[in-house]
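Hi,

I'm handing this structure over to you. Please have a look at it first, and then read my notes below.

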Amino acid sequence: MGRIPVKWWLCLYLSSCLTINLALSSTNNGVSKKTYIVHMDIAVKPTTFTDHFEWYSSLVRSVAVSPDGINEEEEDQRVIYTYQSAFHGMAAWLSQEEAERLEDQNGVVSVLPEVKYELHTTRSPSFLGLVPEDSTSVWSDKLTDHDVVVGVLDTGIWPESPSFNDTGFTSVPTHWKGKCEVGRGFGKHHCNKKIVGARAFYHGYEAATGNINEEKEYKSPRDQDGHGTHTAATVAGSPVHGANLLGYAYGTARGMSPGARIAAYKVCWTGGCFSSDILSAVDTAVADGVNVMSISLGGGVSSYHRDSLSIAAFGAMEKGVLISCSAGNGGPDPVSLTNVSPWITTVGASTMDRDFPGSVKLGSGVMLKGVSLYKGRRNLTPKMLYPLVYTGSNSSSPDPGSLCLEGTLDPHVVAGKIVICDRGISPRVQKGQVVKEAGGIGMILSNTAANGEELVADCHLLPAVAVGEKEGKAIKQYAMRDRNPSANLAFYGTKVGIKPSPVVAAFSSRGPNFISLEILKPDLVAPGVNILAAWTGDMGPSSLETDRRRVEFNILSGTSMSCPHVSGVAALLKARHPDWSPAAIKSALMTTAYIHDNAYQPLKDSSTGGPSSPYDHGAGHINPSRALDPGLIYDIGAQDYFDFLCTQGLTRTQLVVFAKFSNRTCQHSLSGPSDLNYPALSAVFPEEKRVSAVTIHRTVTNVGPPTSKYHVVFSEFKGVDVKVEPSTLDFTKKYQKLSYKVTFTTKIRQTAPESGALIWKDGVHRVRSPIVITWLSPL
């Protein structure tokens, strides 16, 4: 099993991990104000108030620092949201002084500034084994076999897409209480039996950035960005035959759970996604009756009681809603994860066995491989060689002249030539636009050390091929050395059966989870590179304003794409096992995940080419067919999660935000955070060398045959001896719970973490839990 470098993580974490993007503030009548999220303890609501809103408004008025000229009606409008389904509180428009005053008021648990979140931006069903090959397949049920509703919090939805066709669906589920909101470009008729709800949330966004320009942006659930349509279709799109992007990836596009219903919650706008809007969407979605929430965005990392999305997700979990979130695109740097709460399913990204190859032929005769999704009228003549130019000064590292940023290319230098551009700073497709506008006829997009050999295909505006760092360096050295460098580009369409795959994407955010080292994150990985799904009719496939092409499907990469894969499979499991808790579904996904590629080798890390670790891939790559029948599950209830929070050094006041109705107290059922009944095991040895043994307790629930016997196998480690008691588990009935403990005893303290696994086997099932062992050392 792999070893993971560790010593410098804590320095990196302390300097950067806790940074967040605060929303913009604005000045009103000389007083600077911005939106704050105010968490409330409703148990202390005075009886003199008839409802929450009246109480909240009164509190805001009591702390108001109002200069002359502010009337009472304007003051009343300063409460822009109230929350009551997933958690209790409000979003209010306050000055810093008012926020500080409000913190001292009775019933106010915490006052947190608005956070700006960013989006984490076909073949995957068959790659995941979800396309039925015969009528006996476990996934071969009719489209109308279940009424699970997946709420997608994103940029909205393009309802005309064939992926949202509701042919064959029965009536809207009876438990559904959501609405289809009307606005520009979106009417009630745009909802159907597939899109059962659509709402837009923008009060926080407008408070921070000003009123939405309705001529340029839809102030409605309609999606002009494309991201939300793509994620919604990946979750639960209806099958569409002949789907493709300009001929690439031709085939049948379908979501992970084509029988599920979709509820679109538009929380992201041209200027970003704001926490007050996201929280209102979570709160509303819980009240509407969603079963799964898919959230492909993130906003930095902060402690649990200061992370409003974490608090809202806790409330949703209490109501039985599974929340799946993207891990982020901050890889391959360690400690780059977002959405790390244990009650959230955190999803990293991996590749599939499909590629879109291209090549670069140099005048020297050398041929180098790359990828591309270019399909346009500006084709290069196959047998010709065109002048090649690199405007950088160093082939090893990018500089301002090599990044092809706007305004940096001299038309006299690049016109009529293929231009080499380094990745970084600006979007990949925008570099191609800069080259095109400067008169270039083609582009070679070169990875730098930050991206390594990972290749992400793009739908460029001119002939372009992306190459890895090694190939890029060779091309740049040739261009700088040869007197008359030349090249040509070629495109080879779609290839499948690529080996090795899956591979962990270089951009996929990595652990460890320094909020709680004892909770291994990410939880797992799923396809997130070059994913084909539905697209908006308002934006070209490159997402550039100058792109006049219009397509029904687009290919995107990011953990934004991997998250809805897991959300959709979770919906399938919820349909088959409606009584399973969110933790049970998550456990089934994690303990059945695999850690080997299609070449029968350990999963690789695209950024290094070597084996990936649990900090890269979590429990492994999602395996839907096995998750349907996991054998054993690690279940966790809301009180268990609350008791975990009780081990995190939170004060009683900080814990109240998770208590919701103030009726949860610490039952001290866990001896430490590592005893949370998580499907992964993380043993952390403290700095004190006298602590030589760590014991972790777990309880498994039998969801397989009533009578079954499991025996345990586990990895060997250099640094510890491992003892599991008992070493066999004998079940006599379904849903029976049995407990075991694992003791890790130090042999030789290691300077880096060690990883391995513990597996329970009964001859049919393999219930695998990743193990990570860490020895803390003084900085």
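Predicted model: local features only at pLDDT ≥ 70, side-chain atom pairs only at ≥ 80, totals over all residues.

Residues are numbered from 1 along each chain as its sequence is written, and side-chain values use heavy atoms, with hydrogens and water left out.

Back to that spot. E12 and strand E13 (residues 272–274) run antiparallel and are joined by two bridges, and two strands pair if DSSP finds at least two bridges between them. They belong to an open sheet of four strands, ordered E12-E13-E6-E15, with antiparallel pairing. Its edges are strand E12 (268–269) and strand E15 (297–298), each pairing on one side only. Packed on the sheet is helix H8 (residues 275–288), which touches strand E6 (116–119), E13 and E15, and its direction makes about 65 degrees with that of E13. Contact here means heavy atoms within 4.5 Å; axes are lines fitted to C-alpha atoms, for helices over the stretch in contact, and angles run from 0 to 180 degrees between N-to-C directions.

Now the other sheet I looked at. It is open too, has five strands in the order E33-E40-E39-E35-E37, and shows mixed pairing. Strand E33 (681–685) and strand E37 (728–731) are the edge strands, each pairing on one side only. On average, neighbouring strands of this sheet are turned by 20 degrees against each other, direction ignored. E33 pairs in the parallel sense with strand E40 (residues 766–775) over five bridges, and Ala683 stands opposite Ile773 in E40.

There is also a hairpin. Strand E9 (residues 240–245) pairs with strand E10 (residues 248–253) in the antiparallel sense over three bridges, with Ala243 opposite Gly251 in E10. Two residues lie between E9 and E10, and Leu246 in the turn has a positive phi of about 50 degrees. Ala249 has a positive phi as well, about 60 degrees, although it is not a glycine; this residue sits in strand E10.

On to the helix pairs. The axes of helix H17 (residues 638–646) and helix H18 (residues 652–659) come within 11 Å and cross at roughly 160 degrees. H17 is therefore roughly antiparallel to H18 (under 35 degrees counts as roughly parallel, over 145 as roughly antiparallel, 65 to 115 as roughly perpendicular, and the rest as oblique). Their crossing is right-handed, meaning that the near helix is turned clockwise from the far one by less than a right angle, with anticlockwise being left-handed. Phe642, Leu645 and Cys646 of H17 meet Leu655, Phe658 and Ala659 of H18 in the contact. By class that is six nonpolar, no polar and no charged residues; Ala, Val, Leu, Ile, Met, Phe, Trp, Tyr, Cys and Pro count as nonpolar, Asp, Glu, Lys and Arg as charged, and the others, Gly among them, as polar.

H17 has another partner: the axes of helix H9 (residues 308–318) and H17 come within 10 Å and cross at roughly 150 degrees. So H9 and H17 are roughly antiparallel to each other. H9 brings Phe314, Met317 and Glu318 to the contact, and H17 brings Ala638, Tyr641, Phe642 and Leu645. These residues divide into six nonpolar, no polar and one charged.

Then look at helix H13 (residues 559–576) and helix H14 (residues 582–591), whose axes come within 10 Å and cross at roughly 115 degrees. H13 passes H14 in a right-handed crossing.

Two cis peptide bonds to check: Gly331 to Pro332, with omega about 5 degrees, and Lys521 to Pro522, with omega about 0 degrees. Pro332 is in the loop between strand E16 (322–326) and strand E17 (345–350), and Pro522 in the loop between strand E27 (503–504) and strand E28 (524–527).

Finally, the whole chain: 18 helices and 40 strands. Its radius of gyration is 27 Å, close to the 28 Å that the globule rule gives for 779 residues, so the chain is as compact as a globular protein of that length (taken over C-alpha atoms; the rule is 2.2 Å times the number of residues to the power 0.38).

Cheers
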